[in-house]
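Hello,

I am handing over the structure we discussed. Please have it open while you read the notes that follow.

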Amino acid sequence: MNIILLGPPGAGKGTQARMLEQERGMVQLSTGDMLREAKDSGTEMGKVVADVMARGALVTDEIVIGLIKEKLETVEASGFIFDGFPRTLAQADALGELMDETGQTLDKVVEMRVDDAALVARITARSTCAGCGEVYNDLTKPIPADGVCTNCGQAKEFKRRADDNEESLKTRLMEYYKQTSPLIGYYYAKEMLSRVDGLGAIDAVQAEIKDALDT
């Protein structure tokens with residue numbers, strides 16, 4: 001099964017993707033992670049990505065699609081979770097064409113719905129493990145008292161992102177609604193869309209996503 005997780009920054013897509021990886025043997029394809037991995041890989045595609053990023057230019061849709069195609073063709077998994085792509089209708093069309101080209105299907109799109117004010121409160125309270133990227137939150141999932149990450153099992157530094165502040169978040173939310181929210185109607189028309197409450201407890205959101213995928 002191949003799915004897309006849709007939702008604004010801080011909706012919890014990364015957390016839920018990791019849980020799906022553990023439970024279902026799926027592989028998360030995060031645009032940011034793939035670009036960083038490619039930049040350091042030394043491959044031909046990696047050299048292109050490194051050059052683009054070094055110049056501060058925008059990574060084109062063609063490059064991202066190329067990276068995704070590489071993963072689809074080389075990584076064994078029971079399914080893929082697209083996180084951070086597509087962001088626009090043009091990217092959605094390109095992803096559909098790629099799935100056809102590689103003989104795969106896109107089975108479900110899960111929209112993690114949120115309330116903006118609650119989302120801002122959540123994100124300004126979050127930290128991540130410097131070692132593995134596990135997300136913690138002062139309100140819902142505090143950093144362990146012993147300072148040992150529950151995911152990687154190591155005592156690591158926990159960091160807050162510089163742009164996890166109210167002003168930056170409002171800008172990022174506006175960008176999301178302008179570019180990505182049209183995908184909701186796009187996938188609804190294709191009868192692929194399910195909605196879950198992205199601001200529920202982690203286990204509750206996980207259960208809703210499970211129901212959506214198993215229906």
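A word on the annotation first: UniProt positions are given here in the numbering of this structure, and such annotations may be inferred rather than shown by experiment. The model itself is predicted.

The UniProt record, an unreviewed entry, has a "binding site" annotation that covers Cys129, Cys132, Cys149 and Cys152. These residues span 24 residues in sequence, yet no two of their C-alpha atoms are more than 8.8 Å apart, so they gather at one spot.

Two of them sit in one loop. Cys149 is in the loop between strand E6 (135-137) and strand E7 (158-159), and Cys152 lies in the loop between E6 and E7 as well. Cys149 is buried, with a relative accessible area of 2%, while Cys152 is partly exposed, at 27%. Leaving aside neighbours within four places in sequence, Cys149 is in contact with Cys129, Cys132, Glu134, Tyr136, Gln154 and Phe158. Under that same exclusion, Cys152 touches Cys129 and Cys132.

Now the nonpolar cores. The largest has 28 residues, and those with the most contacts inside it are Ile4, Ile68, Leu72, Phe82, Val109 and Tyr187. Among the elements that each supply at least two residues of this core are strand E1 (3-6), helix H4 (61-74) and helix H8 (182-189). H4 gives the largest share, six residues. A second, separate core has 13 residues, including Leu20, Ile81, Val196 and Leu213.

As for Val109, its contacts beyond four places in sequence are Ile4, Leu6, Tyr187, Met192, Leu193 and Ser194.

Regards

How values were computed
Residues numbered from 1 in each chain as written. Predicted model: local features only at pLDDT ≥ 70, side-chain atom pairs only at ≥ 80, totals over all residues. Heavy atoms only, no water. Core = buried A, V, L, I, M, F, W, Y, C linked by side-chain atoms within 4.5 Å. Buried < 20%, exposed > 50% of the residue type's maximum accessible area, 1.4 Å probe, protein only. Helix = DSSP H or I, 4+ residues; strand = E, 2+ residues; numbered from the N terminus. Contact = heavy atoms within 4.5 Å.
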